[in-house]
Amino acid sequence: MVDVSQRVILLVEDNPDDELLTLRALRRGNMHNPVVVVRDGAEALDYLFVQGRHAERDPDIRPQVVLLDLHLPRLDGLEVLRRLRAHARTRTLPVVVLTSSKEERDLVESYQLGVNSFVHKPVDVTAFFEAVRQLGMYWLVLNELPPPRSVG
């Protein structure tokens with residue numbers, strides 16, 4: 001069994017306000033897992049594929065869940081998702097799109113690319129905190145991932 005310190009959350013978010021709200025919501029929901037924050041799609045791929053500035057990190061520590069914004073600099077969230085699902089190492093990695101986008105095409109394309117869940121960021125802070133708490137509870141406590149060596 002993986003200990004909590006290895007049940008990492010990867011937060012891919014370029015908006016500092018949304019980053020802060022998400023981190024606060026996780027703490028208020030008693031999610032004490034380490035959170036790695038990357039601020040664009042290219043850095044997310046570097047982290048997940050253990051390359052670039054993340055080449056020295058432990059490749060056996062895979063995120064328990066990726067919270068992925070769609071509208072990102074350098075490489076958008078849909079392209080990140082496309083590349084994750086195309087690679088054996090990341091194909092089964094749980095990805096939750098957490099976005100302010102209300103575009104139906106973003107919702108449809110996210111599911112076509114294999115997202116596990118699509119959540120609109122609520123405008124209301126209390127509703128946002130509750131949404132993140134529920135996401136954390138499900139993906140970090142209840143959901144079981146296959147062992148890293150079995151997926152790539």
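I began at Leu-68, which, leaving out residues up to four places away in sequence, touches Val-12, Gly-77, Val-80, Leu-81, Val-95, Val-96, Val-97 and Leu-98. I note here that the model is a predicted one.

I then looked up the largest nonpolar core, which has 25 residues, and found that Val-12, Val-66 and Leu-68 touch the most other members. Strand 1 (9-12), helix 2, strand 3, helix 3 (77-86) and strand 4 (95-99) each supply at least two residues of this core. Apart from it I found another core, of 18 residues, with Leu-11, Leu-67, Phe-128 and Leu-140 among them.

Next I turned to helix 2 (41-48), where I found 8 of its 8 residues buried, the charged Glu-43 and Asp-46 included. I recorded that the cover over these buried residues includes strand 1, strand 2 (35-38), strand 3 and helix 3.

Last I asked myself where Gln-64 is placed. I found Gln-64 in the loop between helix 2 and strand 3 (65-68). Is Gln-64 buried or exposed? I count Gln-64 as buried, because its relative accessible area is 6% and the cut-off for buried is under 20%. Beyond its neighbours within four places in sequence, I listed its contacts as Arg-7, Val-8, Pro-94, Trp-139, Leu-140, Asn-143 and Leu-145; of these, Leu-140 is also one of the residues of the 18-residue core.

Notes: Residues are numbered from 1 along each chain as its sequence is written. This is a predicted model: local features need pLDDT of at least 70, side-chain atom pairs count only at pLDDT 80 or more; totals for chains, interfaces and linings use all residues. Side-chain values use heavy atoms; hydrogens and water are left out. Helices (H or I, at least four residues) and strands (E, at least two) are DSSP runs, numbered from the N terminus. Buried means under 20% relative accessible area, exposed over 50%, partly exposed in between (1.4 Å probe, protein chains only). Contact means heavy atoms within 4.5 Å. A nonpolar core is a set of buried Ala, Val, Leu, Ile, Met, Phe, Trp, Tyr and Cys residues joined through side-chain atoms within 4.5 Å.
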